Amino acid sequence: MCQLSIIVPLYNASATLPACITSIRKQTLTDWELLLIDDGSTDMSAAICQEALQRDSRIHYYPLPHNGVSHARKTGISHAHGTFLCFVDADDVLHTTYAEAMVSEIIRSHADICICGYRTIKDGIITPYLPSESDSALASLFTDEGVEGFLWNKLYRRTLLTEDLFANDLHHCEDLYLNTLLLTNSNLRVCFLKETLYDYFQRDTSATHGPNFFPDGHTFSYAPAFEKLFAILIQQKTDNVYRLAVKKFETILTFSMYTALTTDAGTHSDVKRLQHTMRSYCGRIFKHADLSMREKLHYLFLTFAPLLYRAIRL
């Protein structure tokens with residue numbers, strides 16, 4: 001038994017994993033265990049993990065066949081012994097006081113979840129985000145850039161995390177789905193720590209920043225997760241949060257179309273598929289999302305005349 005279990009799912013992360021492990025070993029809180037869950041890596045990740053566990057008895061390594069990040073996280077939880085639990089991406093790093101500050105705050109606040117600030121780092125540009133204290137942490141998942149749906153800026157009581165919270169069929173927004181399921185429980189206590197304690201590196205090769213809008217050739221990558229989220233929020237009768245979720249999805253759709261039209265990230269087929277997807281969600285978005293007139297016109301322009309939009313923009 002220890003205070004904190006740190007789970008790092010990894011897949012072909014040899015370029016970034018050493019810095020991630022080093023940042024964990026430098027934590028000012030020392031009562032932790034690190035669970036490295038290897039999702040079938042084919043690079044040198046296994047050797048890096050083996051070397052790390054030889055150096056530190058608090059580190060444990062679990063190699064798995066390639067089966068996705070949700071399965072890796074569930075495996076980590078099944079081996080965790082900490083009172084509290086957090087997740088770290090293999091290409092990110094923790095500030096040295098991350099663990100101590102988060103554990104101290106969740107204990108002091110008698111909370112179930114603690115949310116801290118973070119920094120995004122892309123092309124040398126560092127942008128800090130701090131969470132705003134809110135009466136509705138659930139709503140903040142869709143509105144507050146300092147909260148978001150990520151797992152890695154949150155500390156959880158280990159007993160909260162059960163297998164049914166993980167959706168193996170999702171490849172985008174798994175984190176948002178899990179946090180939404182948790183926070184629909186109004187009895188959960190959430191505390192906020194207004195310190196930037198986590199560095200999130202945005203790389204072009206990461207899963208959340210690739211240009212693959214339609215991985216199976218026909219379904220928009222974010223649609224399965226948001227369909228599940230819409231169903232949960234409707235069932236829970238959280239109409240205000242449902243509207244925020246629809247607005248969030250509208251933002252993702254319009255940004256994806258804009259990206260496909262104005263960069264090399266999208267193909268002509270992507271534009272056509274995005275156009276079809278935006279048309280299919282037009283009724284839901286205009287009925288439930290609180291959009292300004294300008295936002296409505298922007299959505300309609302991108303949906304029904306994307307090539308004209310590109311010609312005008314370029």
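# Reading buried residues and packed helices

Modeller: Asp92 counts as buried, because its relative accessibility is 0%. Buried stands for under 20% relative accessible area, exposed for over 50% and partly exposed for in between, with a 1.4 Å probe and protein chains only. This is a predicted model, in which local features need pLDDT of at least 70, side-chain atom pairs count only at pLDDT 80 or more, and totals for chains, interfaces and linings use all residues. Residues are numbered from 1 along each chain as its sequence is written, and side-chain values use heavy atoms, with hydrogens and water left out.

Biologist: Where is the place of Asp92, and which residues is Asp92 in contact with, leaving aside its neighbours within four places in sequence?

Modeller: Contact means heavy atoms within 4.5 Å. Helices (H or I, at least four residues) and strands (E, at least two) are DSSP runs, numbered from the N terminus. Asp92 sits in the loop between β4 (82-87) and β5 (93-94). With neighbours within four places in sequence set aside, Asp92 is in contact with Cys20, Tyr198, Asp199, Tyr200 and Phe201. Between the C-alpha atoms of Asp92 and Ser134 there are 27 Å in space, and the two are 42 residues apart in sequence.

Biologist: Which residues are buried in helix α2?

Modeller: An α-helix has 3.6 residues a turn, so residues three or four places apart point the same way. In helix α2 (residues 45-55), the buried residues include Ser45, Ile48, Cys49 and Ala52. They lie on the same side of α2, because they cover an arc of only 100° around the axis. The arc is that of the directions from the helix axis to the C-beta atoms. The cover over these buried residues includes β1 (2-10), α1 (17-25), β2 (32-39) and β3 (59-64).

Biologist: At what angle do α1 and α2 pack?

Modeller: Axes are lines fitted to C-alpha atoms, for helices over the stretch in contact, and angles run from 0 to 180 degrees between N-to-C directions. Angles under 35 degrees count as roughly parallel, over 145 as roughly antiparallel, 65 to 115 as roughly perpendicular and the rest as oblique. The angle between α1 and α2 is about 20°, with the axes 10 Å apart. α1 is therefore roughly parallel to α2. Their crossing is right-handed; the near helix is then turned clockwise from the far one by less than a right angle, and anticlockwise if left-handed. On the α1 side the contact is made by Leu17, Pro18, Ile21 and Arg25, and on the α2 side by Ser45, Ile48, Cys49, Ala52 and Arg55. These residues divide into six nonpolar, one polar and two charged. Nonpolar covers Ala, Val, Leu, Ile, Met, Phe, Trp, Tyr, Cys and Pro, charged covers Asp, Glu, Lys and Arg, and polar covers the others, Gly among them.

Biologist: At what angle do the axes of α8 and α11 cross?

Modeller: The axes of helix α8 (residues 239-262) and helix α11 (residues 293-304) cross at roughly 45° and come within 10 Å. For this reason α8 is oblique to α11. The crossing of α8 and α11 is left-handed. From α8, the contact takes in Lys247, Glu250, Leu253, Thr254, Met257 and Leu261, and from α11, Glu295, Tyr299 and Leu302. The contact has five nonpolar, one polar and three charged residues.

Biologist: At what angle do α11 and helix α12 pack?

Modeller: α11 and helix α12 (residues 306-313) pack at about 110°, their axes 5 Å apart. They are therefore roughly perpendicular to each other. His298, Phe301, Leu302, Thr303 and Phe304 of α11 meet Pro306, Leu308, Tyr309 and Ile312 of α12. Seven of the contact residues are nonpolar, two are polar and none is charged.

Biologist: Which residue has a positive phi of about 50° although it is not a glycine?

Modeller: Asn12 has that phi. Asn12 is in the loop between β1 and α1, and counts as partly exposed because its relative accessibility is 31%. Glu148, also not a glycine, has a positive phi near 55°. Glu148 is in the loop between α5 (137-143) and β8 (154-157), and is buried, with a relative accessible area of 16%.
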